[in-house]
Amino acid sequence: RAAAARAGSPDQAAARAEAQREARISADKRVSLAIDADNNGRVSAGDTLVYRVDIKSIGNIPALGLVFTDTLDPNTALVVGSVQTSQGIPTRGNNPGDTSVAVDIGDLPPGAAMMLSYRALIANPLPADVTILSNQGLVTGSNIPDTPTDDPTTPTTDDPTDVPVTPTPLLSAEKDDYLLVD
């Protein structure tokens with residue numbers, strides 16, 4: 001027993017190896033303009049966005065029973081039927097009446113990656129005070145901590161994916177006409 005307690009013993013090496021066995025994932029989410037309804041070259045009311053989520057197993061054991069879920073920004077609506085995935089089965093998002101996204105991904109071995117995407121239509125008209133659309137999904141699994149999606153274009157980790165929105169121009173005009181002399 002004294003030999004097993006020494007640093008570098010086989011028992012300690014096995015304990016360290018077991019402690020380092022870990023399932024982890026990364027989940028990056030990007031957004032781009034899919035349909036520019038008003039052809040102004042900017043994200044604005046009535047346009048369609050496409051969200052792309054890249055999920056990768058970055059641990060040294062498989063990530064098991066993965067499920068991706070997402071409830072979109074309240075100023076957008078899911079384009080039903082637009083959920084696509086390279087692995088797993090969409091369980092919400094492709095059926096009439098669906099307003100959120102869910103994909104049963106399954107297992108990802110170490111180093112494996114998968115991609116999913118879906119579209120969202122921006123409300124038209126958009127409330128005047130809305131200048132940013134914010135969205136963040138969540139990946140859960142049986143042996144990983146709940147992992148929120150991350151916007152890889154910012155230095156902050158685990159942050160939502162934000163897209164600035166060009167406000168809808170509001171134009172109001174009144175004209176009064178008076179006859180002063182006849």
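User: Let me start with one residue. Is Pro109 buried, exposed or partly exposed?
Analyst: Pro109 is partly exposed, because its relative accessible area is 42%. Buried means under 20% relative accessible area, exposed means over 50%, and partly exposed lies in between (1.4 Å probe, protein chains only).

User: Where is the place of Pro109?
Analyst: Pro109 sits in the loop between β7 and β8. Strands are DSSP runs of E with at least two residues, helices are runs of H or I with at least four, and both are numbered from the N terminus.

User: What does Pro109 touch?
Analyst: Leaving out residues up to four places away in sequence, Pro109 touches Ser57 and Pro62. A contact means heavy atoms within 4.5 Å. The C-alpha atoms of Pro109 and Ile58 are separated by 8.9 Å, and these two residues are 51 apart along the chain.

User: Before I go on, what kind of model is this?
Analyst: This is a predicted model: local features need pLDDT of at least 70, side-chain atom pairs count only at pLDDT 80 or more, and totals for chains, interfaces and linings use all residues. Residues are numbered from 1 along each chain as its sequence is written, and side-chain values use heavy atoms, with hydrogens and water left out.

User: OK, zoom out. How many helices and strands does the protein have?
Analyst: There are two helices and twelve strands. Along the sequence the pattern reads α-α-β-β-β-β-β-β-β-β-β-β-β-β.

User: And what share of the residues is buried?
Analyst: Of the 182 residues, 34% are buried.

User: How many contacts join residues at least 24 apart?
Analyst: I can give a share: 69%, among contacts between residues at least 6 apart in sequence.

User: Now the inside. How many residues are in the largest nonpolar core?
Analyst: That core has 33 residues. Those with the most contacts inside it are Ile55, Leu66, Phe68, Val101, Leu116, Tyr118 and Val139. β1 (25–35), β2 (48–57), β3 (63–71), β7 (100–108) and β8 (113–122) each give two or more residues to this core. The largest share, five residues, comes from β8.

User: What counts as a nonpolar core?
Analyst: It is a set of buried Ala, Val, Leu, Ile, Met, Phe, Trp, Tyr and Cys residues joined through side-chain atoms within 4.5 Å. In soluble globular proteins, nonpolar side chains tend to be buried together.

User: Switching to charges. How many salt bridges does the structure hold?
Analyst: Three. A salt bridge is a side-chain nitrogen of Lys or Arg within 4 Å of a carboxyl oxygen of Asp or Glu. One joins Lys29 and Asp70 at 2.4 Å, N to O. Lys29 is in strand β1 and Asp70 in strand β3, 41 residues apart. Both Lys29 and Asp70 are buried.

User: Which residues form the network of salt bridges?
Analyst: Arg30, Arg52 and Asp54. The closest N and O atoms are 3.7 Å apart for Arg30 and Asp54, and 3.0 Å apart for Arg52 and Asp54.

User: Is Arg52 buried or partly exposed?
Analyst: Arg52 is partly exposed, because its relative accessibility is 41%.
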